[in-house]
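Please open the structure below in your viewer and keep the selection tool at hand. We will go from stop to stop, and each stop says what to pick and what is there.

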Amino acid sequence: MTVLRHEATVPLVAAGRRFDQALAEMFPQYSRSRLSGWIKAGLVLLDGKKAPPRQLLHGGEKVVLEAELETEVEAAPEAMDLDIRFEDDDLLVLDKPPGLVVHPGAGNSAGTLLNALLHHSPKLAELPRGGIVHRLDKDTAGLMVVAKSIAAHTALVAMLSRHDVHRQYEAVVTGTMVAGGTVDQAIGRHQHDRLKQGVREVEDGGKEAITHYRIRERFRAHMVLQCNLETGRTHQIRVHLAHIGHALIGDPLYGNGLRLPRGADQSLIDTLRGFRRQALHAERLAFEHPITGEALDFTSPRPADQEALISALRVDTQAHPDD
């Protein structure tokens, strides 16, 4: 178990501030809720004594913080091959294959990415959600960043909230359109299906969600889109594209059924019918390292099944130039 110890002096400019407010400014590597919990547990002493979070400061007081990082997750470690693209003491970036569940849950108590991460780095058990600061759906492939330290976790959560992490996806969707655009529609839990999300008014429980999209390639009845996220709501791209009438191929929750171009041959029919996951790939992840400030930029190659899907659609379009 990791033991943390810090000693510091309250700056004079903090005079008149509350203890918990000043502590958050003195130790920005920890979240406000974590620091408040440590104060209430008596793990942060002010001039050698326990003090309530709301105590007003004079400036110049001595602060001693000594706390143990307790286990945050109970999942069992499991050996599993991980495609790690970058790793240091504070974070790692990995390329998740389609079909891999990120967190254990009902029906998926083992064999998840979290189980694999805990085997790779047991200290992740001391971080909220095992250091996973954003997730990909089971059948979405691509890049994820995982925090390995408390400081990196706090910073990455803040960066995601400020939209300082560039996340770019490739989606293969049904239907065609003339140009790209932006979907700015709040998303919340679906009113009738607890497994789904849906477009909801903010006043009705929706949270801000913004997706930018542009056309990369058009086929006879489908398109390849590039999608860039400003926000990161659950199922955001899937919900937004379905909302504008261009659901992802293979999407079991938001899809609008099999759509075949006129005169499609059996090869294309088999390819479309055989694509059993949403055609979504987290292809690029770019951000500043939360500790060193280094610019990090990663790309992931298109998964083989998505490559085969796009190739089949392209062949069909070339075979019907007049459609």
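Where is the place of His163? Select His163 and you will find it in the loop between helix H4 (150–161) and strand S7; helices (H or I, at least four residues) and strands (E, at least two) are DSSP runs, numbered from the N terminus. Before going on, note that this is a predicted model, in which local features need pLDDT of at least 70 and side-chain atom pairs count only at pLDDT 80 or more, while totals for chains, interfaces and linings use all residues. Residues are numbered from 1 along each chain as its sequence is written, and side-chain values use heavy atoms, with hydrogens and water left out.

**Two positive phi values**

Stay on His163 and check the backbone: its phi is near 65°, a positive value in a residue other than glycine. Most residues other than glycine have a negative phi. His163 counts as partly exposed because its relative accessibility is 37%; buried means under 20% relative accessible area, exposed over 50%, and partly exposed in between (1.4 Å probe, protein chains only).

Next, select Arg129, in the loop between helix H3 (113–120) and strand S6 (141–147). Its phi, near 55°, is also positive in a residue other than glycine. With 48% relative accessibility, Arg129 counts as partly exposed.

**Helix H2 and its surroundings**

Now select residues 32–40, which form helix H2. Show the side chains of Arg34, Leu35, Ser36, Trp38 and Ile39, which are buried. What do the buried residues of H2 pack against? Their partners are strand S1 (3–9), helix H1 (19–26), strand S2 (44–46), strand S3 (62–68) and H4, where contact means heavy atoms within 4.5 Å. Just after H2, look at Gly42, which takes a positive phi of about 75°.

Step back to Pro28, in the loop between H1 and H2. Pro28 counts as exposed, because its relative accessibility is 54%. Draw a C-alpha to C-alpha line from Pro28 to Ala155: the two are 8.5 Å apart in space and 127 residues apart in sequence.

**Aromatic pairs**

Rings of Phe, Tyr and Trp (its six-membered ring) pair if their centres lie within 6.5 Å; planes under 30 degrees apart count as stacked, over 60 as edge-to-face and the rest as tilted. How many aromatic pairs does this rule give? The count comes to two. For one of them, select Tyr30 and Trp38: their ring centres are 5.2 Å apart and their planes are at 75°, so the pair is edge-to-face. Tyr30 is buried, with a relative accessible area of 7%, and Trp38 counts as buried at 7% relative accessibility.

Then select Phe86 and Phe298, whose ring centres are 5.9 Å apart with planes at 55°, so this pair is tilted. Phe86 lies in strand S4 (residues 84–87) and Phe298 in strand S14 (residues 295–299), so the pair ties together parts that are 212 residues apart in sequence. Both Phe86 and Phe298 are buried.

**Last stop: the cavity**

Finish by selecting His134, Leu136, Leu143, Arg167, Tyr169, Ala282, Arg284 and Leu285, which line the largest cavity. S7 (166–174) and strand S13 (280–288) each supply at least two residues of this lining, and S13 gives the most, with three residues.

Conventions. 1 Å grid on protein atoms, 1.4 Å probe; cavity = no way out; pocket = protein on both sides within 12 Å on 5 of 7 lines; lining within 4 Å.
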